[in-house]
Amino acid sequence: MGDLARAAGAIPRVRAVEYAGPEYMVSVVWDDGREEEIDLAPLVFRYRILRPLRRLERFAGVGVAEYGYGLAWPPDDDLEIGPEQLAELAAAQRAPELRPSYFRAWMAGEGLTQEAAARLLHCSKRTIADYAVGKAPIGFAASVTIGVRSGRAPDLAAPEADAREIRAMERRLAR
């Protein structure tokens, strides 16, 4: 959404959405034509009302809410994510950091417990738990460490690595 539309109070609308995987990733096409991959794990694990979406077969049934005002999971009218919240989450995830669904995919692919991941990343088990549900940003340094340790981030060694390279690493981690 452009600055003019934001200043005018325009609500962003969703034109299309599809389940992208792994886990809680969706591909959203906004009404202005932009396409973004958004990890909804932080919302699914934060809000009790969205708890049914933790079952991936239910989550994969995502659709566009009425008139494009966010996402919905029919037939349950209570399972919705509003467009403003979706846009805020998308903006936060543009940073060059690993997203929670990919973080959990990495842990599962490596067969790591939270304790083992904490040892590898030199942090607490609580921090790992927060990373896994999107309560804490994973950060660039931890994202690069994960990529390097898994052998899937040779292009991240350069200090100028950006969000585009993190996204490419995420796709390799999900394989």
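Student: What percentage of the 175 residues of the protein count as buried?
Tutor: This is a predicted model, in which local features need pLDDT of at least 70 and side-chain atom pairs count only at pLDDT 80 or more, while totals for chains, interfaces and linings use all residues. Residues are numbered from 1 along each chain as its sequence is written, and side-chain values use heavy atoms, with hydrogens and water left out. Buried means under 20% relative accessible area, exposed over 50%, and partly exposed in between, with a 1.4 Å probe and protein chains only. By that criterion, the share of the 175 residues that counts as buried is 45%.

Student: How many helices and strands does the protein have?
Tutor: Both are DSSP runs numbered from the N terminus (helices: H or I, at least four residues; strands: E, at least two). The count for the protein is nine helices and six strands.

Student: Among contacts between residues at least 6 apart in sequence, what percentage join residues at least 24 apart?
Tutor: A contact means heavy atoms within 4.5 Å. Of the contacts between residues at least 6 apart in sequence, those joining residues at least 24 apart make up 52%.

Student: Against which helices do the buried residues of α9 pack?
Tutor: Helix α9 spans residues 163-173, and eight of its 11 residues are buried. Among them are Ile166, Met169 and Leu173. The buried residues of this helix pack against α5 (100-110) and α8 (140-149).

Student: Is Ala90 buried or exposed?
Tutor: Ala90 belongs to helix α4 (residues 83-92). Not counting residues up to four places away in sequence, Ala90 touches Glu36 and Ile38. Because its relative accessible area is 3%, Ala90 is classed as buried.

Student: How far apart in space are Ala90 and Asp39, C-alpha to C-alpha?
Tutor: In sequence, Ala90 and Asp39 are separated by 51 residues. Their C-alpha to C-alpha distance in space is 8.0 Å.

Student: Which residues form the nonpolar surface patch of about 320 Å²?
Tutor: Patches are made of residues with over 30% relative accessible area and no salt bridge; like charges are joined within 9 Å, and nonpolar side chains (Val, Leu, Ile, Met, Phe, Trp, Tyr) within 5 Å. A salt bridge is a side-chain nitrogen of Lys or Arg within 4 Å of a carboxyl oxygen of Asp or Glu, and accessible areas come from the Shrake-Rupley method with a 1.4 Å probe, with only the protein chains shown counting as cover for residues. Ile11, in the loop between α1 (3-7) and β1 (14-19), is partly exposed at a relative accessible area of 37%. The patch is made by Ile11, Tyr67 and Tyr69.

Student: What is the phi of Tyr67?
Tutor: Tyr67 lies in the loop between β4 (63-64) and β5. At 63% relative accessibility, Tyr67 counts as exposed. Most residues other than glycine have a negative phi. Tyr67 is not a glycine, yet its phi is positive, at about 60°.

Student: What is the phi of His122?
Tutor: His122 is placed in the loop between α6 (114-121) and α7 (125-133). With a relative accessible area of 71%, His122 is exposed. Although His122 is not a glycine, its phi is positive, at about 55°.

Student: What is the omega of the peptide bond that joins Pro74 and Pro75?
Tutor: Pro75 is in the loop between β5 (71-73) and β6. The bond joining Pro74 and Pro75 is cis, and its omega is about 5°.
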